[in-house]
Amino acid sequence: NRFNGYVGAANAHSLLAFALAHTVIGFGSSVTLGPLMADISQWFVRRRGLAVTLCSSGNYFAGALWPPIVQQAIAHYGWRATHLSIGLFCGTAMLVLGLVALRRRAPVAAAAASGQRLLSPESLGLSPRALQTLLAVASICCCVAMSMPQVHIVAYCGDLGYGVARGADMLSLMMAFGVLGRILSGLIADRVGGLRTLMLGSALQAVALLMYLLYDGLISLYVVSALFGLFQGGIIPSYALIVREYFAPKEAGTRVGIVLMASLFGMALGGWMSGYIFDVSGSYRAAFLNRLGWNFVNGAIVLWLLYRRRSPLAFA
């Protein structure tokens, strides 16, 4: 799909055809991360958190690496040649890596066989459907909050008078620190579990969003953007780890996919909402305040789940 999308974009002769080609690219991107995270979680037991976060760091690493490369390629060879080259590269790389990953391998021992206690939604006093729904809602809320800096940092810098180039630099910096944040969150999750790691990420993301409200100097925005990437990097992988902790391994693909679908919906909703609030208010300050509210809802859900885990009433 990515190959077809980029090749289609390279040969598009209208805005509609170009947009449709990028829809195909988006579909190809969306159907790879979830299965990869679910699959890699089946390979590991003791270091599952680190394995999942390393796997999920690829898109952040690409977000930090590709923009300057693409910018230079477009400047020297044009956007059509650049799209075609990306399509050929992605198609070839995905095919080779897919064949390597599909090699037969010995199944990883189940958590029960390794002596690790298997949690369940019932241990929280919830049905599987209820826990899945809460995780999806929490994912939407955290990603609505997360989307503000990721989607609007370039426009925000332009609005402040720093220029869009500075915003692009901050976005790359944010993605680079997001890789570090994901790896660190994996190490933390291996020690304290997915729920506690998600709560930590949600709290730290709120701190970073608040800092965007308090500091808008150029150097300050670079620092805050780096901290935001570091703090929120491990949030999305934490959901995959929670799914693996509380649901059967054979359900991992479907349930991780549902949570990731909710997260993408939250990113889309949050990106649009921030733009709409800016158009109405003429300032990004109200948009940042709105993000803090959504982040609070996410934190409240996760905190309630942690309370249910500790409370004897959850087993009644």
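Helices (H or I, at least four residues) and strands (E, at least two) are DSSP runs, numbered from the N terminus. This is a predicted model: local features need pLDDT of at least 70, side-chain atom pairs count only at pLDDT 80 or more, and totals for chains, interfaces and linings use all residues. Residues are numbered from 1 along each chain as its sequence is written, and side-chain values use heavy atoms, without hydrogens or water.

**Exercise 1.** Find what follows helix 11, and compare the reach of this helix with the expected span.

*Solution.* Helix 11 covers residues 252-281, 30 residues in total. The expected span is 1.5 Å times one less than the number of residues. Next comes G282, with a positive phi near 75°.

**Exercise 2.** Decide whether S225 is buried or exposed, and list what it touches.

*Solution.* Start with the place: S225 sits in helix 9 (residues 218-232). Now apply the cut-offs: buried is under 20% relative accessible area, exposed over 50%, partly exposed in between (1.4 Å probe, protein chains only). S225 has 0% relative accessibility, so it counts as buried. Last, take contacts (heavy atoms within 4.5 Å). Leaving out residues up to four places away in sequence, S225 touches I153, M170, M174 and Y212.

**Exercise 3.** Describe the largest nonpolar core.

*Solution.* Such a core is a set of buried Ala, Val, Leu, Ile, Met, Phe, Trp, Tyr and Cys residues joined through side-chain atoms within 4.5 Å. The largest one has 59 residues, and L131, L135 and L305 are among those with the most contacts inside it. Helix 6 (residues 128-160) gives the most, 11 residues.
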